[in-house]
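Here is a request for a set of questions and answers on one model. Please read them next to the structure.

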Amino acid sequence: MEEKRKRNIVRSSRKGYIPYYLMVVVVMLIILYIIRNDLPLNRNALIIAVAFMILILKLTEVHRITHYYELTPHMLLKSEGIFVHRLKKMSYGSMSQIHLNRSILDKIIGIGTIEIAQFSETVRTEIKNINKPEKVLYELAKRIKNMQE
Amino acid sequence: MREQEVRQVIANPHANRFFSKKWIILSFIGVVLLLLFFAFSGMDFITGNVISIGEDGNTDNISLTENFKLYAELDSLKEVLELKQKIKLITIEVSGATNNVYLGKDGFFDLSGTGTTKILLEDFDGSISFDGDNIYLIKGKVTTVTINDFPTSSTDDSINVRIDDSMGYDFLELEGVYLKKYESLSSGEVKFDSGKITMQLDNETVSIHGFRGIMTSGTNKIGVQRTGITLDGFVEDANIGGDFEISLVKTG
């Protein structure tokens, strides 16, 4: 009987979407300012603004749910999309280098981006804006080392 | 050097173009500019009428003696006006309507087959939305409903009345209505202080603040035949623009 394997899935942190959340906050503040100062608030513009805010909040969540990385015993799977689903498989043995990139802001909010280079490709695959990136980096490095030994 | 070359081609062939940062940032800038443009340019009237009501919808505390007397005949309402407040008397004249007027919990009056119908709602307290042609919602409490001269009242202080399907009307009058702000690009006539100042408008801007009085829309069967809205009451201040601009603000 096959033992049920616990899936090791890595998703982008919501902290990585802070710039988009800030856009929503800015739009809300402008609307509040207009209302409080009794300035004309165009109904169509208000509808567009509310639709924009809802769309941003929905899109960020949908984007986060549909874009994930899974660390399987033998390869890293990159999955994205709902209607057009794309799955990229990267064997740990094919990975040549992994990098962790963190800006000052990333360090403050505790996220980071891991870049993965493969022997067979000149482009790099990014695992963007993830929480505890060092832990994922260490785990990836361990699996690469095990696979290449 | 080799490392540098690799770094220069960081590109994701699987990039999600739908969730492109560029489009989101452009949309954000567009929304912000749109809101600020209409807030500060004063161009809001281009899209039609802008009407707002008092925050509490209560008109009782408006002091008439401090306001201008105004009578205006303007173009019909282009956008839906939604009011939630107390209105002393609502008069509706419809012909050929097939709607039901719901009264209380279970009762209703079927307007189909009645020909021309006149509905009076006294001491209305609730919501009404309409434009120049249709009433979209009436929902509230009244003390008396009169349909074609047959009054209906309740042993309670009030009776619930509701019309929730779109209903075309010939004439609508709201007596004792309060509009916090009315802005439109309109043609017609505006008279201040019982006709001491009269202005003929030809597609010009009208901005009225703090109107309280009688508002009519549509064509009354009695009197002068005119399609459009009339405002007969008092305003706190008004601004009429066009080739020249006049602003009236009461002082003292």
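In α2(A), the buried residues are A:A45, A:A49, A:F52, A:I56 and A:T60. Buried means 20 or more other C-beta atoms within 10 Å of the residue's own, exposed means 12 or fewer, and partly exposed lies in between, with C-beta atoms placed from the backbone. Helices (H or I, at least four residues) and strands (E, at least two) are DSSP runs, numbered from the N terminus.

This is a predicted model, in which local features need pLDDT of at least 70, side-chain atom pairs count only at pLDDT 80 or more, and totals for chains, interfaces and linings use all residues. Residues are numbered from 1 along each chain as its sequence is written, while chains are lettered from A and ligands numbered from 1 in the order in which they are written.

Q: Which helices do the buried residues of α2(A) pack against?
A: The buried set in α2(A) includes A:F52 and A:I56. Contact here means that the C-beta atoms of two residues, placed from the backbone, lie within 7 Å. By that criterion the buried residues of α2(A) pack against α1 of chain A and α2 of chain B.

Q: What distance does α2(A) reach from its first C-alpha to its last?
A: The expected span of a helix is 1.5 Å times one less than its number of residues. α2(A) has 24 residues, and 34 Å is expected at 1.5 Å a residue. The distance in the model is close to that, at 34 Å.

Q: How far apart are the end C-alpha atoms of helix α2 of chain B?
A: This helix has 21 residues, 21–41, and at 1.5 Å a residue it should span 30 Å. The distance in the model agrees with this, at 29 Å.

Q: What arc around the axis do the buried residues of α2(B) cover?
A: B:V31, B:L35, B:F38 and B:A39 are buried in α2(B). They lie on the same side of α2(B), because they cover an arc of only 105° around the axis. The arc is taken from the directions from the helix axis to the C-beta atoms. An α-helix has 3.6 residues a turn, so residues three or four places apart point the same way.

Q: Which residues are exposed on the other side of α2(B), and which helices does the buried side pack against?
A: On the other side, B:K21, B:K22, B:L26, B:I29, B:L33, B:F40 and B:S41 are exposed. The buried residues of α2(B) pack against α1 (18–36) and α2 (43–66) of chain A.

Q: Which strands are the edges of the open sheet in chain A?
A: Four strands form this sheet in the order β1-β2-β3-β4, with antiparallel pairing. Two strands pair if DSSP finds at least two bridges between them. The edge strands each pair on one side only, and they are β1 (9–11) and β4 (86–91) of chain A.

Q: Which residue of β3(A) stands opposite A:Y69?
A: Strands β2 (residues 68–71) and β3 (residues 75–80) of chain A run antiparallel and are joined by four bridges. Opposite A:Y69 stands A:K78.

Q: Is B:I119 buried or exposed?
A: B:I119 is found in strand β6 (residues 116–130) of chain B. With 24 other C-beta atoms within 10 Å, B:I119 is buried.

Q: Which residue of β8(B) is the bridge partner of B:I119?
A: Four bridges join β6(B) to strand β8 (residues 144–147) of chain B, and the two run antiparallel. The partner of B:I119 is B:I147.

Q: How many bridges pair strand β3 of chain B with β6(B)?
A: Strand β3 covers residues 81–95 of chain B. One of the bridges links B:V94 to B:T117 in β6(B). The pairing is antiparallel, and the number of bridges is 14.

Q: How many residues lie between β6(B) and β7(B) in their hairpin?
A: β6(B) and strand β7 (residues 134–142) of chain B run antiparallel, joined by six bridges. B:D125 has B:K141 in β7(B) as its bridge partner. The number of residues between the two strands is three.

Q: What is the phi of B:D123 near?
A: B:D123 is found in strand β6 of chain B. B:D123 counts as partly exposed, because it has 17 C-beta neighbours inside 10 Å. Its phi is positive in a residue other than glycine, near 50°.
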